[in-house]
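Me: Hi! I have a new model open and would like to talk it through with you. Could you start with the term I'll need for the strand and helix units?

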Amino acid sequence: MSRRVRRKVEKKGKVVSLGCQKIEEYIGPEGNDAVDWTSLPDDTVIQLFSCLNYRDRASFSSTCRTWRVLGASQCLWSSLDIRAHKFDAAIATSLASRCLNLKKLRFRGAESADAIIHLKARNLREISGDYCRKITDATLSVIVARHEALESLQLGPDFCERITSDAIKAIAFCCPKLKKVRLSGIRDVNAESINALAKHCLNLIDIGFLDCLNVNEAALGNVVSVCFLSVAGSSNIDWSVVSSSWHKLPKLIGLDVSRTGIGPTVVSRLLSSSQSLKVLCALNCPVLEEDTSFSTSKNKGKLLLALFTDILKELSSLFADTAVKGKNLFLDWRNSKNNDRNLDEIMTWLEWILSHTLLRTAESNPQGLDDFWLKQGAALLLSLMQSTQEDVQERAATGLATFVVIDDENASIDCERAEAVMRDGGIRLLLNLAKSWREGLQSEAAKAIANLSVNANVAKAVAEEGGINILAGLARSMNRLVAEEAAGGLWNLSVGEEHKGSIAEAGGVKALVDLIFKWSSGGDGVLERAAGALANLAADDKCSMEVAVAGGVHALVMLARNCKFEGVQEQAARALANLAAHGDSNNNNAAVGQEAGALEALVQLTRSPHEGVRQEAAGALWNLSFDDRNREAIAAAGGVEALVALAQSCANASPGLQERAAGALWGLSVSEANSVAIGQEGGVAPLIALARSDAEDVHETAAGALWNLAFNPGNALRIVEEGGVPALVHLCTSSVSKMARFMAALALAYMFDGRMDDIAPMGPLSESTSKSVSLDGAKRMALKHIEAFVLTFSDPQSFAAAAASSAPAALAQVTERARIQEAGHLRCSGAEIGRFITMLRNPSSILKACAAFALLQFTIPGGRHAVHHASLMQSAGAARVLRAAAAAATAPLEAKIFARIVLRNLEHHHGEPSL
């Protein structure tokens with residue numbers, strides 16, 4: 001007897017517009033028209049090239065002489081973003097000839113930093129880097145020594161743990177034109193390095209030492225050129241020094257002390273004493289916020305931005321135009337025709353520091369900020385997403401992706417925050433960002449969409465706004481980070497049944513399968529997300545076929561066999577489990593089993609040290625065991641030994657793992673040979689232990705496995721000797737699950753229908769068995785509770801009516817009360833049906849009633865396998881035995897009525913084609 005498990009959800013037009021209208025005019029609105037690319041005007045080709053990353057641009061430039069010339073146009077190489085792809089010295093050298101006039105560079109990681117000097121871009125003005133933890137003083141010193149014209153240097157927001165004050169001194173000595181320096185996470189910024197900046201960088205107006213362990217406050221008071229200063233997140237600051245010196249900075253306009261220990265006294269001193277200070281940002285400063293009596297009304301003309309202030313209202317006071325206010329303040333400023341350079345500098349700086357602080361606050365997720373996020377934070381992030389500064393846009397999108405998350409491990413988010421983003425138009429904004437040609441924005445926007453889509457209402461809005469098509473397009477990206485976040489979005493959206501078909505229609509299934517082949521090595525994140533999305537999609541009958549057609553079976557088996565990352569293994573196994581869950585409607589179950597190495601890989605994964613991997617592998621083997629060939633192949637691959645060992649080890653595991661371990665043994669034990677092997681391997685004892693579980697689902701699978709095992713007399717005796725009778729009796733009488741009670745009763749019936757009697761006198765199965773077993777006592781206990789179980793489905797009034805009348809309505813009433821809906825999914829072999837038919841002749845009236853009750857369940861019209869069972873019964877001559885049971889004077893009333901109902905069911909099925 002077997003049953004399959006299906007796990008549907010997790011522990012959830014034009015593809016991408018390049019934003020180039022002229023290009024669309026040439027390629028046609030549908031992009032299907034034949035195009036003579038060599039006939040495009042030069043400016044159109046250059047515009048097309050500007051929408052490509054540097055690798056694709058260089059690749060296209062090598063196709064012909066004309067494009068080589070156009071591809072080398074200096075307007076295309078004034079700015080370079082190398083974050084998305086591997087960038088080393090060889091690649092940098094190959095690009096050097098194009099980068100003579102490079103002005104702006106964005107990089108990621110230490111390897112890219114080491115390669116920068118090979119670009120030979122001595123005219124660089126701006127360098128911005130992230131993932132800088134491994135960048136050393138030596139690397140940074142060489143970079144600044146080769147780029148003396150540098151005006152802006154930004155490293156962060158992650159910590160620069162290996163950079164010291166020595167590198168800051170090198171910056172000061174080598175870059176006299178420096179105007180902006182922002183460094184994150186430096187352990188110690190000493191006085192000597194800051195004084196060097198003050199002495200040699202006379203144009204330095206913007207300083208940011210963020211999240212630093214120590215910063216010399218007194219030395220910062222010497223940088224008289226500074227207009228904007230941020231020490232957000234830095235610790236160990238001596239606020240008495242700040243109070244006595246920073247207000248003397250003659251040009252200081254904006255000061256950011258967010259996420260520090262600044263108190264109200266210092267804030268008041270700075271606001272009242274500084275002649276030039278206009279904006280003081282002190283977001284998420286606990287000491288300041290604890291003083292409920294603090295007031296900013298005394299400092300008119302100066303703004304304090306804190307969690308307890310109305311930030312947008314405060315900022316609106318910077319504008320003479322009173323119409324510039326509210327949630328659209330930043331947008332109104334960007335669209336303003338009033339050319340105020342000083343105001344523009346303030347607002348540009350504010351965008352940067354607000355995006356940084358909001359992201360850091362979202363990452364730390366301190367308690368008590370729900371009101372702030374709902375009333376101000378979400379709106380600020382959405383407004384900053386529309387900035388003209390790309391790094392501000394990216395951080396704002398990342399902030400949105402982060403501030404909604406409650407528990408990343410369990411994919412849970414704050415629904416109020418997510419829906420606040422949706423109400424403020426955030427979904428459309430994010431989707432527009434995702435359509436940008438800038439890959440950094442695509443990645444962060446897709447991440448935010450993915451996280452927000454955990455909420456079902458947001459997921460619906462994303463789908464309605466065309467987000468599925470956009471994400472499916474991004475999943476085809478050659479940029480691994482973009483593809484990874486897009487796959488994550490499809491993973492979360494695919495939790496909803498209503499979105500699965502749309503994802504398939506958008507080409508999402510093929511894109512996800514292709515991702516696995518494309519990033520089969522070195523892309524754990526993208527592989528886990530792609531496999532997770534395919535797992536959700538594979539739970540749908542139609543989509544499971546698309547997964548198989550797209551090559552998904554081979555791709556997922558490849559992951560299960562070769563990938564060593566537990567997250568990927570878990571999702572690959574889950575996807576294979578769901579693919580194998582449609583045995584009645586397609587051949588994916590057989591296809592998975594026939595894929596080379598699939599079953600061996602899944603068996604091996606049941607030995608994983610990670611519970612989630614073991615659970616999903618066992619679930620996949622359970623579903624695969626529904627196929628006869630797979631069942632034997634799993635056993636041949638060592639599945640019996642592995643699954644018995646898994647069952648033995650999961651006494652304290654999660655109910656999910658226990659259910660699947662028992663379920664896989666249930667599936668394998670359909671085969672008589674496997675059933676014997678499971679018993680000999682020691683599988684009886686752990687199944688009895690699992691039968692005592694508190695979880696209803698575990699009851700069912702353990703009872704099902706024990707029922708199959710009990711068919712063999714040797715296993716039946718093992719169950720008795722291992723103390724299985726009391727466990728099955730407890731299930732039979734106390735389980736919440738009707739199915740568990742039903743199968744426990746049938747297991748007990750198998751054990752005591754007389755077949756075990758032939759081997760019981762032979763004694764214990766092994767010399768080590770020391771249990772004293774009273775078969776007579778066990779039999780009496782079993783029969784008593786089998787009878788009680790059957791009687792729970794027997795209503796005296798309806799039975800009396802059925803006994804007194806042959807009217808179909810009377811029997812139908814008994815059937816309806818006796819029916820166990822889930823039993824219709826069970827499929828019996830001819831031997832099992834034959835055993836119940838034989839049991840109808842058993843001297844025990846209780847076993848007769850139990851056999852008739854079981855046959856009733858298996859033949860009720862509408863059951864998945866009712867026609868199959870009726871055919872087996874007809875072949876076994878069951879009708880004659882049933883008539884005898886229905887007419888027997890000594891048979892209990894229950895046996896008679898149930899036998900009559902089974903006869904009626906057989907008459908109903910007699911006209912079926914399979915009969």
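This is a predicted model: local features need pLDDT of at least 70, side-chain atom pairs count only at pLDDT 80 or more; totals for chains, interfaces and linings use all residues.

Me: Good. Which hand does the unit made by β3, helix α7 and β4 have?
Reply: Those three elements make a right-handed β-α-β unit, with helix α7 covering residues 137–145.

Me: And how many bridges join β3 to β4?
Reply: There are four, and the two strands run parallel, with β4 spanning residues 152–155. Among the facing residues, E126 stands opposite S152 in β4, and I127 has L153 as its bridge partner there.

Me: What about the other neighbour, β2: how many bridges join β2 to β3?
Reply: Five bridges link β2, residues 104–108, to β3, again in a parallel arrangement. Within that pairing, F107 stands opposite G129 in β3. To get from β2 to β3, the chain passes through helix α6 (residues 109–115), and that β-α-β crossover is right-handed.

Me: Is β3 mostly covered or mostly open?
Reply: Mostly covered: β3 runs over residues 126–130, and four of its five residues are buried.

Me: Which residues of β4 are buried on each side?
Reply: S152 and Q154 are buried on one side, and L153 and L155 are buried on the other, so both faces of β4 are covered by the under 20% cut-off for relative accessible area.

Me: Nice. In what sense does β4 pair with β5?
Reply: In the parallel sense, over four bridges, with β5 taking in residues 180–184. In that pairing, L155 stands opposite L183 in β5. The chain goes from β4 through helix α8, residues 165–174, to β5, and this β-α-β crossover is right-handed.

Me: Okay, switching topic. Where does K447 sit?
Reply: K447 lies in helix α21, which covers residues 439–452.

Me: How far apart are Q813 and D795 in space?
Reply: The C-alpha to C-alpha distance between Q813 and D795 is 9.7 Å, and they are 18 residues apart in sequence.

Me: Let's zoom out. How many helices and strands does the chain have?
Reply: The chain has 50 helices and 14 strands. Its C-alpha trace spans about 110 × 70 × 55 Å along the principal axes.

Me: And what share of the residues counts as buried?
Reply: That would be 58% of the 915 residues of the chain. The accessible surface comes to about 36,600 Å², and carbon and sulfur atoms account for 49% of that area.

Me: Last one, on charges: how many positive and negative side chains are there?
Reply: The chain has 94 positive and 100 negative side chains, and the centres of the two sets lie 2 Å apart.

Key. Residues are numbered from 1 along each chain as its sequence is written. Side-chain values use heavy atoms; hydrogens and water are left out. Buried means under 20% relative accessible area, exposed over 50%, partly exposed in between (1.4 Å probe, protein chains only). Two strands pair if DSSP finds at least two bridges between them. A crossover is right-handed if, with the strands pointing away from the viewer, the path from the first strand over the helix to the second runs clockwise. Accessible areas come from the Shrake-Rupley method with a 1.4 Å probe; for residues, only the protein chains shown count as cover. Lys and Arg count as positive and Asp and Glu as negative; His and the chain ends are not counted. The place of a charge is taken as NZ of Lys, CZ of Arg, CG of Asp or CD of Glu.
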